[in-house]
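Hi,

Here is the structure I promised to send over. Have a look at it first, and then read on for what turned up.

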Amino acid sequence: MNGPSGRNGPEVRSGPDAGSGPSIRIRPGVANGLGANGLGANGLGVENGPGVENGPGISDGPSVSNGLSVVIPTKDKPESLRATLACLLADGPPSAEIVLVNDGEGPVAVPADAPVRVVEGPRQGRAAARNTGARAAGGSRLLFVDDDILTGPGFLSAHAAHGNGPGFVHGPLMEFPAARRWLAAHGPDPVAAAAVLNGGERLVRNNLEAAVLAVAAGAVPARLGWLACVGANLSLSRAAFDQAGGFDEGFGTRWGCEDLELGVRLLAAGHRPTVDQAAPGVHLTHARPDRWEQHEVTHQRFASLHDTAEVRALPLLLTGSPAAYFTAAES
């Protein structure tokens with residue numbers, strides 16, 4: 001297994017070069033995080049979801065409690081959504097509010113008597129759906145999870161343990177190439193999902209995740225810490241989310257970049273990322289034939305908002321290699 005066992009080990013802070021911006025931190029996690037046989041090298045593409053059209057933060061939401069609110073945008077993926085909800089509902093304490101934002105065409109089904117609140121989405125893309133869920137949420141810490149992520153025991157506790165201080169937290173993600181076959185065989189089975197997280201199936205780490213870990217280890221400058229703002233497994237305080245202004249809905253309904261763009265703004269505001277190995281997830285990989293055509297458009301917006309070498313070079317990371325990206329980001 002990778003990493004030390006136990007949730008309460010010391011937080012390890014990387015040592016990037018002085019002057020490179022806030023550092024990124026790795027919090028050691030439990031052994032059920034990602035097994036040694038689950039580490040492939042060349043899986044490409046991360047399910048970041050499409051973006052949308054400029055929305056404010058969430059200060060107009062309901063009265064804030066001290067709890068954790070899980071926000072899940074969903075759009076016409078009932079099979080994977082059932083698996084995601086089953087994992088979260090089986091997780092146990094702490095009890096967390098789950099806000100499901102329905103951005104699809106028809107109604108969504110949730111388990112009877114489950115603590116899941118369904119709100120209708122604006123159908124303007126993933127960023128607008130996430131902002132809608134954040135406004136409807138009552139917790140003081142927001143956890144964004146996509147509708148095709150498997151999680152294991154302790155996932156909610158790991159995110160909740162970060163409290164309401166500054167910074168943002170990413171739980172590492174792996175890709176599951178055989179996800180469609182697995183879903184057909186197991187469906188919403190949290191026990192089977194835990195076996196996947198424990199290395200029972202072949203998983204691969206995509207280039208974005210490899211880059212996030214390289215930044216966390218101090219191998220590359222910490223000014224790239226915004227790469228850890230992956231909306232499929234991301235938590236931060238409501239105050240930090242409001243301070244940054246939420247997700248930029250101007251990305252529209254196309255896939256990609258809206259979560260990383262939020263990361264640039266969070267980092268600029270002094271919010272340091274933490275990679276928490278106790279909060280891993282597995283992405284139920286699925287086909288998106290027009291992925292890179294959509295990404296070309298969203299990347300153009302991203303680069304127009306933040307015209308830096310590391311943002312301009314992002315396609316080299318997602319479709320090429322971390323090494324090529326790091327070289328270009330320094331130019």
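Let's start with a helix: which residues in H1 are buried? They are Ser80, Leu81, Ala83, Thr84, Leu85, Ala86, Cys87 and Leu88. Bear in mind throughout that this is a predicted model.

As background, nonpolar side chains tend to be buried together in soluble globular proteins. Here the largest nonpolar core has 72 residues, and Trp226 and Leu227 are the ones with the most contacts inside it. Helix H6 (residues 207-216) gives the most to this core, with seven residues. If you click on Trp226, you'll find that it touches Leu260, Gly263, Val264, Leu267, Phe302, Glu310, Val311, Leu314 and Tyr325, leaving aside residues up to four places away in sequence. There is also a second, separate core of 15 residues, and Cys87, Met174, Trp182 and Val282 are among them.

Now the aromatics. The structure holds six aromatic pairs. One of them is Phe144 with Phe241, a tilted pair at 5.4 Å centre to centre with 35° between the planes. Phe144 lies in strand S7 (residues 141-145) and Phe241 in helix H7 (residues 238-244), so this pair ties together parts that are 97 residues apart in sequence. Phe144 counts as buried because its relative accessibility is 0%, and Phe241 is likewise buried at 0%.

Another tilted pair is formed by Tyr325 and Phe326, with 5.7 Å centre to centre and 55° between the planes. Tyr325, which Trp226 also touches, is buried at 0% relative accessibility. Phe326 has a relative accessible area of 16% and is buried as well.

Ring pairs also link Phe144 and Phe241 with Phe247 into a cluster. Phe247 has a charge to go with it: the charged end of Arg130 sits over its ring, 5.0 Å from the centre.

How values were computed: Residues numbered from 1 in each chain as written. Predicted model: local features only at pLDDT ≥ 70, side-chain atom pairs only at ≥ 80, totals over all residues. Heavy atoms only, no water. Phe/Tyr/Trp six-rings, centres within 6.5 Å; stacked < 30°, edge-to-face > 60°. Helix = DSSP H or I, 4+ residues; strand = E, 2+ residues; numbered from the N terminus. Buried < 20%, exposed > 50% of the residue type's maximum accessible area, 1.4 Å probe, protein only. Lys NZ or Arg CZ within 6 Å of the ring centre and 35° of its normal. Core = buried A, V, L, I, M, F, W, Y, C linked by side-chain atoms within 4.5 Å. Contact = heavy atoms within 4.5 Å.
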